Amino acid sequence: MLIKIPRGWELPESAATPEAAYWNRRTLMKGLAAGTILAAAGLPSTRALAAKGSDAPADDPSAKLYPFKKNEAFRLDRALTDPEVNATYNNFYEFGSHKEIWKDAQKLPIRPWMVTIDGLVEKKIEIAIDDLLAKMPLEERLYRHRCVEAWAMAIPWSGFPLKALVELAKPASAAKFVVMETFMNPKVAPGQKQFWYPWPYVDGLTIEEATNDLAFIATGAYGRPMAKQHGSPLRLAVPWKYGFKHVKSIVRFSFADKQPKTFWQTIQPQEYGFWANVNPDVSHPRWSQKTERLLGSGDRVPTQLYNGYGEFVAALYAGREKEPLFK
Ligand code: MTE
C-alpha cells in the first residue's frame, strides 16, 4: 500500500500556523478588496497600504486577472508575512542600497513592458507582458523567501512556472543556462547612475533548475499585481536559493551555453556565487546562516538546507558536490 507522507511545505497552513495568523484565502481576498481583513487583524487598511506603496500599482492593467487559482502543492509551515512589512523592507539597488526603496520604486513605469526571449532559442521572441500573461498557466503559490542577510518572509506569490516560459522559448539542445536581466533606465532608477555597480542586474539558472517545479516567475503577491518594489511586472522566485538570485523587473531571458557571471558575483566573488543554495551549515564569510529572523514577528527560527525544499531540488546537485553550491 502506498502511504503518502505529506512533505513539510504540503501541510495545510491551518495545521502549521497559529489559528490567529491563518488567513482563509477567500475571506482574505474579499477582505482585501473591502479593506476589512487588514483592519480586523490589526494591519493597515488597503488605503494605508496604498499610501505605503504596497497596493497593486495603479498603472497595472493585469489587475483584472487576479486572484489566480491556488496551487495546493505549495504550502507553508509558517504564517504569511504582513503585506506592509513585506512591501516596506526590500532590496532593489536600482533605487538605492537601503531597505526603504519602496517610495522611489513607484517611479518605475510598468507599461508598456516588453520581454525579450533570445540567445540559443528556435526564434527570438519579443512579447508585451500582457500578451505573455495570456499565454502562461497562471497560479498562486505560498513560498518561503530567505535572504542571504538572514531575514526571511513567507509570501503568497502569483505568477507562472518558469518551465512554461522555457517551453515557449524552445531552447536549442546547446542551451545550458537561462540568464535573466533587469531593465536599464537610470532616469527613473538613480542607483543605475552608480558606475561601480555592473548594471544591469543579471542572474541565472541552469536549464535543469529553471525547469524544476519550484522555479516560478512571480507577477503578483497577496492576490493582486505585486507592488513595484518587489520587481513588478515580473520577477524570479526560487525559494531554495538566497534572495539575491530573485531577479526583479525582468526584461530579458537569454538562453546560453556558458554559465553567466552574475551581478553579485562580479561585485564580491568571495561572498556571492552562482549557485546560492540555502545551507545553514555554510556561513557567509561575515555572519552565520544557522538561523533566520522572520520579518514581522522578529522570531528567530532555524534555517533549513535548501530552505526546506530539498525533496524538490536536492537531486539537481548530484555530481556537482565539488562546486560552491552554497554561496
Ligand atoms: N533584483 C534587482 N534587479 N535588483 C536588486 O537589487 N536584490 C535582490 C533580489 N532581486 C535585487 C534584485 C536581493 S539581494 C533580494 S534579498 C531580493 O531581490 C529581495 O526581494 P524583495 O525585496 O521582494 O523581498
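Strands (E, at least two residues) are DSSP runs, numbered from the N terminus. This is a predicted model, in which local features need pLDDT of at least 70 and side-chain atom pairs count only at pLDDT 80 or more, while totals for chains, interfaces and linings use all residues. Residues are numbered from 1 along each chain as its sequence is written, and side-chain values use heavy atoms, with hydrogens and water left out.

**View 1. Residues around the ligand.** The ligand has 17 residues around it, and Y93, E94, T182, H246 and K248 come nearest (near: a heavy atom within 4 Å). This shell holds seven nonpolar, seven polar and three charged residues (nonpolar: Ala, Val, Leu, Ile, Met, Phe, Trp, Tyr, Cys and Pro; charged: Asp, Glu, Lys and Arg; polar: the others, Gly among them).

View 2. A polar contact is a pair of N or O atoms within 3.5 Å. In the side chain of E94, an N or O atom is 2.8 Å from a nitrogen atom of the ligand. Oxygen atoms of the ligand lie 3.0 Å from an N or O atom in the side chain of R235 and 2.7 Å from a polar side-chain atom of K248. The protein buries 99% of the 540 Å² that the ligand exposes when taken alone (Shrake-Rupley method, 1.4 Å probe).

View 3. A pocket is an open set of points on a 1 Å grid over the protein atoms alone, where a 1.4 Å probe fits, with protein on both sides within 12 Å along at least five of seven lines; lining residues have an atom within 4 Å of a point. The largest pocket has about 420 Å³ of space (the space filled by probe spheres set on the points). Its lining has 27 residues, of which N91, C147, Y201, G243 and F244 are closest to the centre. Strand β4 (residues 151-161) gives the largest share of this lining, four residues.

Methods
Polar contact = N/O pair within 3.5 Å; in protein donor to acceptor, adjacent residues only side chain to side chain.
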